[in-house]
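Visitor: I have a model open and I'm new to this. Can you walk me through it?
Guide: Go ahead and ask.

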Amino acid sequence: RGMTRQRRITLPATAMLAAVAIAALAGCGSIPSISTAKPAPLSGSDGGIATYVETMHRLANSDPAQQADVYYEVERAYTAAPTTANTLRHAIALVAPGHPNSSLAEGKKLLEQLLATPERLVPAERNLAGFLVKDADIRLQLQADIRRLTATVDERKGTQVLSDRRAQAQADEIAKLKRAL
């Protein structure tokens, strides 16, 4: 009777919501760079994802020169030894927004390749990779929508220009006919 159901949000769900919010805001460029210091180390129960989180933090919160250094450090490690960990770090660097070497489609492809052999990933890495693939899908869809909407706006602007020309020609014709009368 009039009682509402309350949902309990668990700690992992809260952390996931925070991560989604941070990723969304970082993608929009809405998070100002607060510090270029390294983040505090994660606890021992992080499932081995501390290096991945640190990579994301350094790419999101550094100046452009430091972002380039981080990216090339990650890329060099991946090129020298394309282990699962190095591949995941490289994919994270590619999907991280806000730096010039970001390549969402290429990073998503690497993440999907990693998820194709889930036995090579620890559960925390699988969860992170799965989250990043879903995030990349959404961002790629948004980019496609933006391109489509931009094309629609451009098309409508062209149509409006033609309509304006026709209206002006008709106004000129009316003025000419009024003078003739």
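Visitor: What does the side chain of serine 62 reach?
Guide: The side chain of serine 62 reaches the backbone oxygen of arginine 58, at 2.5 Å. That is a polar contact, meaning a pair of N or O atoms within 3.5 Å; within protein, one must be able to donate a hydrogen and the other to accept it, and residues adjacent in sequence count only if both atoms are side-chain atoms.

Visitor: Before I go on, what kind of model is this?
Guide: This is a predicted model, in which local features need pLDDT of at least 70 and side-chain atom pairs count only at pLDDT 80 or more, while totals for chains, interfaces and linings use all residues. Residues are numbered from 1 along each chain as its sequence is written, and side-chain values use heavy atoms, with hydrogens and water left out.

Visitor: Where is serine 62, then?
Guide: Serine 62 is in the loop between H2 and H3. Helices here are DSSP runs (H or I, at least four residues), numbered from the N terminus.

Visitor: Buried or exposed?
Guide: Serine 62 is buried, with a relative accessible area of 12%. Buried means under 20% relative accessible area, exposed over 50%, and partly exposed in between (1.4 Å probe, protein chains only).

Visitor: New topic. How many salt bridges does the structure hold?
Guide: Seven. A salt bridge is a side-chain nitrogen of Lys or Arg within 4 Å of a carboxyl oxygen of Asp or Glu.

Visitor: Which side chain meets glutamate 112 in a salt bridge?
Guide: That of lysine 108, at 2.9 Å, N to O. Glutamate 112 is partly exposed at 37% relative accessibility, whereas lysine 108 counts as buried at 15%.

Visitor: And what about lysine 108 and aspartate 137?
Guide: Their side chains also meet in a salt bridge, at 2.9 Å, N to O. This pair links distant parts of the chain: lysine 108 is in helix H5 and aspartate 137 in helix H6, 29 residues apart. Aspartate 137 is partly exposed, at 36% relative accessibility.

Visitor: How far apart in space are lysine 134 and lysine 108?
Guide: They are 8.9 Å apart, C-alpha to C-alpha, and 26 residues apart in sequence. Lysine 134 lies in helix H6 and is exposed, with a relative accessible area of 61%.

Visitor: What about the core? Which residues touch the most other members?
Guide: In the largest nonpolar core, which has 24 residues, they are Tyr52, Leu88, Ile92, Leu111 and Leu132. Helices H2 (50–61), H3 (64–80), H4 (84–95), H5 (104–116) and H6 (123–180) each supply at least two residues of this core. A nonpolar core is a set of buried Ala, Val, Leu, Ile, Met, Phe, Trp, Tyr and Cys residues joined through side-chain atoms within 4.5 Å.

Visitor: What is tyrosine 52 in contact with?
Guide: Leaving aside neighbours within four places in sequence, tyrosine 52 is in contact (heavy atoms within 4.5 Å) with Ala85, Leu88, Arg89, Ile92, Glu125 and Leu128.

Visitor: Last one. How many aromatic pairs does a search of the whole structure find?
Guide: One. Tyrosine 71 and tyrosine 72 form an edge-to-face pair, 5.5 Å centre to centre with 75° between the planes. Rings of Phe, Tyr and Trp (its six-membered ring) pair if their centres lie within 6.5 Å; planes under 30 degrees apart count as stacked, over 60 as edge-to-face and the rest as tilted. Tyrosine 71 is buried at 5% relative accessibility, and tyrosine 72 is partly exposed at 41%.
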